[in-house]
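Visitor: I should like to learn how to read a protein structure, one feature at a time. May we begin with the display?

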Amino acid sequence: MVSPCGPAARTDYGRAVTTIFTWRGGFANAEVNSLHAEAFQTKVFDESEWNWVALTRRHSLGWVVARQGDGLVGFVNVLWDGLVHAWLQDTMVARRARGEGIGAALVAHARDGAKAAGCEYLHVDFDDHLRPFYLGACGFAPTSAGLLVLERAGLDLSAPTIGGAPEA
Ligand SMILES: CC(C)(COP(=O)(O)OP(=O)(O)OC[C@H]1O[C@@H](n2cnc3c(N)ncnc32)[C@H](O)[C@@H]1OP(=O)(O)O)[C@@H](O)C(=O)NCCC(=O)NCCS
(Lines give C-alpha, C1' and ligand atoms only; values in the text may rest on other atoms or scores of the structure.)
Protein backbone atom coordinates (compact mmCIF):
# COMPACT_ATOMS: atom_id res chain seq x y z
CA MET A 1 0.00 0.00 0.00
CA VAL A 2 1.42 3.32 -1.01
CA SER A 3 0.00 6.32 0.78
CA PRO A 4 1.25 9.80 0.04
CA CYS A 5 1.53 12.05 3.05
CA GLY A 6 -1.00 14.60 1.92
CA PRO A 7 0.26 17.49 -0.13
CA ALA A 8 3.93 18.15 -0.77
CA ALA A 9 5.69 18.53 2.55
CA ARG A 10 8.21 21.14 1.41
CA THR A 11 9.90 22.57 -1.66
CA ASP A 12 13.53 22.37 -2.76
CA TYR A 13 14.55 25.16 -5.12
CA GLY A 14 10.92 25.63 -6.09
CA ARG A 15 10.27 21.90 -6.74
CA ALA A 16 7.67 20.15 -4.62
CA VAL A 17 9.07 17.31 -2.50
CA THR A 18 6.54 14.61 -1.73
CA THR A 19 7.11 11.99 0.91
CA ILE A 20 5.73 8.54 0.16
CA PHE A 21 5.07 6.20 3.10
CA THR A 22 4.83 2.48 2.45
CA TRP A 23 3.77 -0.19 4.94
CA ARG A 24 6.12 -3.17 4.45
CA GLY A 25 7.86 -1.23 1.70
CA GLY A 26 11.06 -2.38 0.05
CA PHE A 27 14.43 -1.29 1.37
CA ALA A 28 18.10 -2.29 1.25
CA ASN A 29 20.17 -3.10 4.31
CA ALA A 30 22.79 -0.48 3.43
CA GLU A 31 20.34 2.43 3.38
CA VAL A 32 18.69 1.47 6.69
CA ASN A 33 22.07 0.86 8.35
CA SER A 34 23.17 4.28 7.16
CA LEU A 35 19.98 5.95 8.46
CA HIS A 36 20.34 4.09 11.77
CA ALA A 37 23.93 5.28 12.21
CA GLU A 38 22.86 8.88 11.64
CA ALA A 39 19.83 8.60 13.93
CA PHE A 40 21.48 6.83 16.86
CA GLN A 41 25.14 7.84 16.43
CA THR A 42 26.37 4.29 16.03
CA LYS A 43 28.87 3.02 13.52
CA VAL A 44 27.47 2.06 10.13
CA PHE A 45 26.82 -1.65 10.47
CA ASP A 46 27.13 -3.83 7.40
CA GLU A 47 24.55 -6.43 6.56
CA SER A 48 26.64 -9.28 7.95
CA GLU A 49 26.25 -7.56 11.35
CA TRP A 50 22.72 -6.19 11.06
CA ASN A 51 20.54 -7.63 8.34
CA TRP A 52 17.32 -5.60 8.52
CA VAL A 53 15.78 -7.33 5.53
CA ALA A 54 16.12 -10.81 7.06
CA LEU A 55 15.25 -9.70 10.61
CA THR A 56 12.13 -7.74 9.72
CA ARG A 57 10.82 -10.55 7.59
CA ARG A 58 11.34 -13.02 10.41
CA HIS A 59 10.37 -10.96 13.47
CA SER A 60 8.25 -7.99 12.46
CA LEU A 61 4.57 -7.49 11.94
CA GLY A 62 5.59 -4.79 9.53
CA TRP A 63 7.61 -1.66 9.07
CA VAL A 64 7.12 1.70 7.41
CA VAL A 65 9.45 3.13 4.78
CA ALA A 66 9.38 6.86 3.96
CA ARG A 67 10.97 8.02 0.72
CA GLN A 68 11.48 11.29 -1.07
CA GLY A 69 12.20 10.17 -4.62
CA ASP A 70 14.59 7.24 -4.30
CA GLY A 71 16.03 8.51 -1.03
CA LEU A 72 15.15 6.86 2.26
CA VAL A 73 14.16 9.60 4.72
CA GLY A 74 12.42 7.55 7.41
CA PHE A 75 11.91 4.08 8.80
CA VAL A 76 10.17 2.46 11.76
CA ASN A 77 10.00 -1.21 12.69
CA VAL A 78 6.85 -2.76 14.20
CA LEU A 79 7.31 -5.88 16.32
CA TRP A 80 4.43 -7.88 17.78
CA ASP A 81 3.27 -10.75 19.95
CA GLY A 82 1.45 -12.47 17.09
CA LEU A 83 -1.94 -11.42 18.41
CA VAL A 84 -2.98 -8.03 19.81
CA HIS A 85 0.17 -6.21 21.01
CA ALA A 86 2.57 -4.38 18.70
CA TRP A 87 5.66 -2.32 19.57
CA LEU A 88 7.51 0.42 17.77
CA GLN A 89 11.26 0.04 17.46
CA ASP A 90 13.85 2.28 15.85
CA THR A 91 11.74 5.23 14.73
CA MET A 92 14.16 7.28 12.65
CA VAL A 93 14.09 10.22 10.27
CA ALA A 94 17.05 11.48 8.26
CA ARG A 95 18.45 14.70 9.71
CA ARG A 96 17.84 16.57 6.43
CA ALA A 97 14.11 15.78 6.62
CA ARG A 98 13.36 16.37 10.32
CA GLY A 99 10.83 18.84 11.61
CA GLU A 100 8.46 18.34 8.68
CA GLY A 101 6.04 15.89 10.28
CA ILE A 102 7.65 12.80 8.75
CA GLY A 103 8.30 11.13 12.13
CA ALA A 104 4.70 11.59 13.26
CA ALA A 105 3.44 10.36 9.88
CA LEU A 106 5.68 7.27 10.08
CA VAL A 107 4.13 6.45 13.45
CA ALA A 108 0.61 7.06 12.13
CA HIS A 109 1.23 4.64 9.27
CA ALA A 110 2.65 2.08 11.72
CA ARG A 111 -0.46 2.51 13.88
CA ASP A 112 -2.72 1.98 10.86
CA GLY A 113 -0.75 -1.11 9.76
CA ALA A 114 -0.91 -2.64 13.24
CA LYS A 115 -4.61 -1.89 13.54
CA ALA A 116 -5.34 -3.40 10.12
CA ALA A 117 -3.51 -6.55 11.24
CA GLY A 118 -5.86 -6.87 14.23
CA CYS A 119 -3.67 -5.42 16.95
CA GLU A 120 -5.39 -3.64 19.82
CA TYR A 121 -2.40 -1.93 21.45
CA LEU A 122 0.65 -0.15 20.09
CA HIS A 123 3.49 0.30 22.60
CA VAL A 124 6.63 2.39 22.54
CA ASP A 125 9.32 3.32 25.04
CA PHE A 126 11.53 6.35 24.73
CA ASP A 127 13.79 8.76 26.53
CA ASP A 128 12.18 11.68 28.37
CA HIS A 129 13.18 14.32 25.85
CA LEU A 130 10.96 12.61 23.25
CA ARG A 131 7.76 13.05 25.27
CA PRO A 132 6.61 15.96 23.06
CA PHE A 133 7.05 13.73 20.01
CA TYR A 134 5.38 10.50 21.20
CA LEU A 135 2.84 11.91 23.68
CA GLY A 136 2.23 15.18 21.85
CA ALA A 137 2.58 14.73 18.09
CA CYS A 138 1.90 10.96 17.91
CA GLY A 139 -0.91 10.75 20.48
CA PHE A 140 0.42 8.04 22.82
CA ALA A 141 -0.91 8.00 26.37
CA PRO A 142 1.76 8.01 29.10
CA THR A 143 2.28 4.69 30.93
CA SER A 144 4.85 3.28 33.29
CA ALA A 145 7.37 1.00 31.65
CA GLY A 146 10.50 -0.85 32.70
CA LEU A 147 13.74 -1.88 31.11
CA LEU A 148 16.33 -4.50 31.97
CA VAL A 149 19.59 -4.16 30.09
CA LEU A 150 20.75 -7.65 29.16
CA GLU A 151 24.13 -8.75 27.93
CA ARG A 152 24.87 -7.48 24.46
CA ALA A 153 24.86 -9.80 21.48
CA GLY A 154 28.43 -9.00 20.46
CA LEU A 155 27.71 -5.76 18.62
CA ASP A 156 29.89 -2.75 19.27
CA LEU A 157 27.40 -0.02 20.19
CA SER A 158 29.38 2.99 21.25
CA ALA A 159 26.36 5.08 22.27
CA PRO A 160 23.43 2.85 23.17
CA THR A 161 20.04 4.54 23.43
CA ILE A 162 16.53 3.28 24.04
CA GLY A 163 15.20 2.35 20.64
CA GLY A 164 18.69 2.15 19.20
CA ALA A 165 20.05 -1.16 20.44
CA PRO A 166 19.52 -4.15 18.20
CA GLU A 167 17.35 -7.00 19.37
CA ALA A 168 19.35 -10.03 20.56
C1 LIG B 1 12.47 11.61 16.87
C2 LIG B 1 12.39 11.74 15.36
C3 LIG B 1 11.95 10.39 14.75
C4 LIG B 1 11.34 12.82 15.02
O5 LIG B 1 11.21 12.90 13.61
P6 LIG B 1 10.67 14.24 12.91
O7 LIG B 1 10.27 13.91 11.53
O8 LIG B 1 11.65 15.33 13.07
O9 LIG B 1 9.40 14.56 13.82
P10 LIG B 1 8.12 15.43 13.42
O11 LIG B 1 8.49 16.49 12.45
O12 LIG B 1 7.01 14.52 13.04
O13 LIG B 1 7.81 16.11 14.84
C14 LIG B 1 6.50 16.39 15.25
C15 LIG B 1 6.57 17.07 16.62
O16 LIG B 1 7.17 16.18 17.58
C17 LIG B 1 8.03 16.93 18.45
N18 LIG B 1 9.42 16.47 18.26
C19 LIG B 1 9.99 16.00 17.13
N20 LIG B 1 11.27 15.65 17.35
C21 LIG B 1 11.51 15.92 18.65
C22 LIG B 1 12.67 15.78 19.47
N23 LIG B 1 13.83 15.29 19.00
N24 LIG B 1 12.57 16.16 20.77
C25 LIG B 1 11.41 16.66 21.26
N26 LIG B 1 10.30 16.81 20.51
C27 LIG B 1 10.35 16.45 19.22
C28 LIG B 1 7.86 18.39 18.10
O29 LIG B 1 6.81 18.89 18.89
C30 LIG B 1 7.42 18.32 16.65
O31 LIG B 1 6.60 19.40 16.27
P32 LIG B 1 7.29 20.77 15.73
O33 LIG B 1 8.22 20.38 14.60
O34 LIG B 1 6.11 21.55 15.26
O35 LIG B 1 8.01 21.35 16.89
C36 LIG B 1 13.74 12.19 14.73
O37 LIG B 1 14.14 13.37 15.41
C38 LIG B 1 14.83 11.16 14.83
O39 LIG B 1 14.99 10.33 13.94
N40 LIG B 1 15.62 11.23 15.92
C41 LIG B 1 16.77 10.33 16.12
C42 LIG B 1 16.34 8.92 16.42
C43 LIG B 1 15.46 8.80 17.65
O44 LIG B 1 15.78 9.30 18.72
N45 LIG B 1 14.34 8.08 17.47
C46 LIG B 1 13.40 7.79 18.53
C47 LIG B 1 13.75 6.48 19.18
S48 LIG B 1 12.64 6.09 20.54
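Visitor: Is S60 buried, exposed or partly exposed?

Guide: A residue is buried if 20 or more other C-beta atoms lie within 10 Å of its own, exposed if 12 or fewer, and partly exposed in between, with C-beta atoms placed from the backbone. S60 has 17 other C-beta atoms within 10 Å and is therefore partly exposed. Please note that this is a predicted model, in which local features need pLDDT of at least 70 and side-chain atom pairs count only at pLDDT 80 or more, while totals for chains, interfaces and linings use all residues. Residues are numbered from 1 along each chain as its sequence is written.

Visitor: In which element does S60 lie, and which residues does S60 touch?

Guide: Helices (H or I, at least four residues) and strands (E, at least two) are DSSP runs, numbered from the N terminus. S60 belongs to strand β5. Two residues are in contact if their C-beta atoms, placed from the backbone, lie within 7 Å. Leaving aside residues up to four places away in sequence, S60 touches N77, V78 and L79.

Visitor: How many helices and strands does the chain have, and what pattern do they follow?

Guide: The chain contains four helices and eight strands. Along the sequence, their pattern is β-β-β-β-α-α-β-β-β-α-β-α. The chain has 168 residues, of which 30% count as buried.

Visitor: Which residues have the most contacts inside the largest nonpolar core?

Guide: In soluble globular proteins, nonpolar side chains tend to be buried together. A nonpolar core is a set of buried Ala, Val, Leu, Ile, Met, Phe, Trp, Tyr and Cys residues joined through C-beta atoms within 7 Å. The largest one here has 33 residues, and V64, A66, F75, V76, V78, L106 and A110 have the most contacts inside it. At least two residues of this core come from each of β4 (20-23), α1 (29-40), β5 (60-68), β6 (71-80), β7 (85-93) and α3 (102-116). As for F75, its contacts beyond four places in sequence are F27, V32, L35, W63, V64, V65, A66, D90 and M92.

Visitor: Which residues of α1 are buried, and why do they lie on the same side of α1?

Guide: An α-helix has 3.6 residues a turn, so residues three or four places apart point the same way. In α1, the buried residues are V32, N33, L35, H36 and A39. They lie on the same side of α1 because they cover an arc of only 160 degrees around the axis; the arc is that of the directions from the helix axis to the C-beta atoms. The buried residues of α1 pack against α2 (52-59), β6 and β7.

Visitor: How is the span of α3 compared with the span it should have?

Guide: The expected span of a helix is 1.5 Å times one less than its number of residues. For the 15 residues of α3, that gives 21 Å, and the end C-alpha atoms are 21 Å apart, which agrees. Among the buried residues of α3 are L106 and A110.

Visitor: How does β7 run relative to β6 and to β8?

Guide: Two strands pair if DSSP finds at least two bridges between them. β6 and β7 run antiparallel and are joined by six bridges, with W87 in β7 as the bridge partner of L79. β7 and β8 (residues 121-123) run parallel and are joined by three bridges; in β8, H123 is the bridge partner of W87. The path from β7 through α3 to β8 forms a right-handed β-α-β crossover. Right-handed describes a path from the first strand over the helix to the second that runs clockwise, with the strands pointing away from the viewer. Seven of the nine residues of β7 are buried.
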